[in-house]
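The entries follow the order in which I looked things up.

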Amino acid sequence: MAAGTTDISPNDVLSAENLQKCFDNYLLVDVGAGLTNKKFSKDLDSVIQRAKDAGLTKILVTGSSLRTSKEALRLTRIYPGTIYSSTGVHPHDAKSWETGYLADLREIAMNPECVAIGECGLDYSKDFSSPEVQREVFEKQIQLACDLKKPLILRERGAHADFLSVIDKYMSNLPVCVLRGFSGSQKEAESFLNRGFYFTLSGSLCKDKSDDGMRRLLEQDILTMDKILVETDSPFMFPNIRASKLPPAVKESLTERSLLFLNRYCTFQRNEPCSLPAIVEMISVLIKKKPEEVAFATAFSALKVFGLSQ
């Protein structure tokens with residue numbers, strides 16, 4: 001072989017192409033996907049493969065009831081190393097709480113693939129469960145998380161004062177807290193940030209129309225990158241990139257690759273984890289960072305918060 005030349009086998013070419021594919025993708029972790037939803041019952045294998053093709057390395061499937069918590073844990077066995085789960089009872093489902101539920105949640109949470117307690121919290125925006133029942137069920141799950149030292153995945157909607165009064169009773173022993181779907185004011189956000197909370201961001205950014213909502217928190221550097229996690233909330237929260245309130249700079253930032261996944265596979269009727277690259281690109285414009293930085297930082301935080309294997 002002449003000096004300065006290299007033999008490249010077909011296998012080497014394939015490896016080079018695969019390597020380039022890795023560089024084309026962001027490093028992503030979806031910390032909130034409802035893959036137990038019946039909308040995914042017929043083609044979950046394809047949904048997971050598309051997520052991997054889009055750059056997702058891990059997906060956390062959240063439990064919102066005892067049934068979905070069990071199903072989420074089952075998915076971790078089918079997709080080991082890719083799917084992780086949480087176990088909890090959503091405030092809307094608090095009225096379904098029965099004797100023995102706490103022991104059942106504990107049994108699920110003892111599995112290493114179950115990495116968090118929740119989604120739990122208080123949601124007074126709809127009258128599915130009374131505030132009194134919500135607070136009681138919320139407190140039981142906080143106690144479980146403190147006992148097992150597992151992160152809490154939380155929801156607060158229209159219940160800020162009551163939420164903090166419950167949380168603050170456990171501050172000295174509270175594990176890491178992750179707040180999903182925040183829709184409150186800047187002042188409320190700052191009260192959570194002062195307590196060390198992480199915030200998840202999703203396609204709901206497209207729906208933010210308030211003057212002091214999530215987009216402002218990002219643009220004003222109040223919510224910093226080290227406190228951000230990303231999720232798709234599949235099959236919900238489709239990132240509507242045509243929303244009238246979405247700044248033109250955000251719409252123009254979306255790459256051909258992220259739009260391919262978003263437009264080909266995701267709809268208002270069924271969002272998928274493969275929409276996550278588009279969400280990361282939108283965030284990157286709002287916080288004036290490169291999307292690769294946002295992807296890496298949020299993935300690193302997810303691995304750290306939930307103790308996911310790399």
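I call a residue buried when its relative accessible area is under 20%, exposed when over 50%, and partly exposed in between, with a 1.4 Å probe and protein chains only. Helices (H or I, at least four residues) and strands (E, at least two) are DSSP runs numbered from the N terminus. This is a predicted model, and local features need pLDDT of at least 70, side-chain atom pairs count only at pLDDT 80 or more, and totals for chains, interfaces and linings use all residues. Residues are numbered from 1 along each chain as its sequence is written, and side-chain values use heavy atoms, with hydrogens and water left out.

**Entry: helix α11**

I started with α11, which spans residues 276-286. How many of its eleven residues are buried? I found ten of them buried, so I noted the helix as mostly covered. The buried residues are Leu276, Pro277, Ala278, Ile279, Val280, Glu281, Met282, Ile283, Ser284 and Leu286. Just after α11, I noted Lys288 with a positive phi of about 60°.

Most residues other than glycine have a negative phi, and most peptide bonds are trans. Lys149 has a phi near 60°, positive in a residue other than glycine. Lys149 sits in the loop between α5 (131-148) and β5 (152-157), and its relative accessibility of 67% makes it exposed. Asp221 also is not a glycine and has a positive phi of about 60°. I located Asp221 in the loop between α8 (214-219) and β8, exposed at a relative accessible area of 54%.

A cis peptide bond joins Ser234 to Pro235, with omega about 5°. Pro235 belongs to the loop between β8 (228-230) and α9 (248-253). I also noted a cis peptide bond between Gly118 and Glu119, where omega is about 25°. Glu119 is part of strand β4, residues 114-123.

**Entry: Ser69**

I found Ser69 in helix α3, residues 66-78. Is Ser69 buried or exposed? Its relative accessible area is 0%, so I wrote it down as buried. For its polar contacts I took pairs of N or O atoms within 3.5 Å; within protein, one must be able to donate a hydrogen and the other to accept it, and residues adjacent in sequence count only if both atoms are side-chain atoms. A polar atom of the Ser69 side chain lies 2.7 Å from the backbone oxygen of Ser65. The Ser69 side chain also makes a polar contact with the side chain of Thr87, at 3.2 Å. Not counting residues up to four places away in sequence, Ser69 touches Gly63, Ser64, Ser86, Thr87, Gly88, Leu105 and Ile108.

**Entry: Ser85**

Ser85 lies in strand β3, residues 83-87. At 0% relative accessibility, I counted Ser85 as buried. Leaving aside neighbours within four places in sequence, its contacts include Leu60, Val61, Ala72, Leu73, Glu113 and Val115. I also checked Val31, 54 residues from Ser85 along the chain; the two C-alpha atoms are separated by 9.3 Å.

**Entry: aromatic pairs**

I let rings of Phe, Tyr and Trp (its six-membered ring) pair if their centres lie within 6.5 Å; planes under 30 degrees apart count as stacked, over 60 as edge-to-face and the rest as tilted. How many aromatic pairs does a search of the whole structure find? It finds nine. Phe192 and Phe197 have ring centres 5.3 Å apart and planes at 20°, so I logged this pair as stacked. Phe192 and Phe197 are both buried. The rings of Phe261 and Tyr265 have centres 6.3 Å apart and planes at 40°, so that pair is tilted. Phe261 and Tyr265 both belong to helix α10 (residues 256-265), four residues apart, about one turn of the helix. Phe261 is buried at 7% relative accessible area, whereas Tyr265 is partly exposed at 28%. Ring pairs also link Phe138, Phe163, Phe182, Phe192, Phe197 and Phe199 into a cluster.

Note on methods:
Contact means heavy atoms within 4.5 Å.
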